[in-house]
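Welcome! Please take a moment with the sequence and the 3D view below, and then we will walk through them together.

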Amino acid sequence: MKFAEFSNPIFEKSILDYHVKDDVDTPILNPYPLKSIEYYLYLKNWIDTVQWHLEDIIRDPDIHPDEALKIKRRIDKSNQDRTDLVELIDSYFLDKYKDVKVLNDATINTESPAWAIDRLSILALKIYHMQEQVDRKYTTPEHHEACVKKLNVLKEQQVDLGTAINQLLDDIEAGRKYMKVYKQMKMYNDPALNPVLYGKK
């Protein structure tokens, strides 16, 4: 089975499991063996799913500023956790393909496999929530039709992105492409790099 087709059901399971309670404070119950690639994919999507709903909450025009600040800090941490996990998934691929003989004319891709898989996880969320809009009762016909069109585009994107991921991994495995992973080096969370933080010392 190709990796995109392997990943999508794991993302979908995470989304469905979250929506049993649909609560950003629900503890994760990861069903996969610890440190397996399935475990990391499920965890990745769970983080994305919780953050999706935090982003919804913080946009409530009536939210209290103190609560909004707490959620903003939580989103910042979630972004860092997400980045760390993407880099961990890339480490899985680096190890998997470490013995591949790279061809002399091999090229590098614009993004690493795990960052493409990150987008696949987000697409699964978009599809789930757009399907919710399609299934909503008592909306206008125009709203329903617009959401159906958007859902079809998202599903097409999912197929295309999955194909691109599979092709990239095939190329890496065959030595036609090679991997390099650059740490994201997010500066806003680093007290040594964010001037607002180090300026307080």
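Which side chain meets that of D48 in a salt bridge? The partner is K44, with N and O 2.4 Å apart. Before we follow this pair further, please keep in mind that the model you are looking at is predicted.

**A network of charges**

Side chains of opposite charge can pair when their charged atoms come close. D48 has 4% relative accessibility, so D48 counts as buried. K44 falls under that limit too, because its relative accessibility is 1%.

K44 also has a salt bridge with D118, and here the closest N and O atoms are 2.7 Å apart. Through shared partners, the salt bridges join K44, D48, R82 and D118 into one network.

| Pair | Salt bridge distance, N to O |
|---|---|
| D48 and K44 | 2.4 Å |
| K44 and D118 | 2.7 Å |

In the model as a whole, the count of salt bridges comes to 15.

**The nonpolar core**

How many residues does the largest nonpolar core have? This core has 45 residues, and those with the most contacts inside it are F3, L41, I89, F93, I117 and I165. Five helices each supply at least two residues of the core: α1, α2, α3 (65–96), α4 (113–135) and α5 (141–174). Helix α4 gives the most, with 11 residues.

**Charge on the surface**

Which residues gather in a patch of negative charge on the surface? They are D22, D23, E132 and D135. To find D23, look in the loop between α1 (3–21) and α2 (37–58). D23 counts as partly exposed because its relative accessibility is 35%.

K13 is part of helix α1. Its relative accessibility is 33%, so K13 counts as partly exposed. Between K13 and P33 there are 20 residues in sequence and 15 Å in space, taken from C-alpha to C-alpha.

For the other stop, go to helix α5, where you will find D171. D171 is buried, because its relative accessible area is 19%. Although D171 and T107 are 64 residues apart along the chain, their C-alpha atoms are separated by 9.5 Å.

Definitions and conventions
Residues numbered from 1 in each chain as written. Predicted model: local features only at pLDDT ≥ 70, side-chain atom pairs only at ≥ 80, totals over all residues. Heavy atoms only, no water. Patch = residues over 30% accessible without salt bridge, like charges linked within 9 Å, V, L, I, M, F, W, Y side chains within 5 Å. Areas by Shrake-Rupley, 256 points an atom, 1.4 Å probe, with all protein chains shown as cover. Salt bridge = Lys/Arg side-chain N within 4 Å of Asp/Glu carboxyl O. Lys, Arg positive; Asp, Glu negative; His and termini not counted. Charge placed at Lys NZ, Arg CZ, Asp CG, Glu CD. Helix = DSSP H or I, 4+ residues; strand = E, 2+ residues; numbered from the N terminus. Buried < 20%, exposed > 50% of the residue type's maximum accessible area, 1.4 Å probe, protein only. Core = buried A, V, L, I, M, F, W, Y, C linked by side-chain atoms within 4.5 Å.
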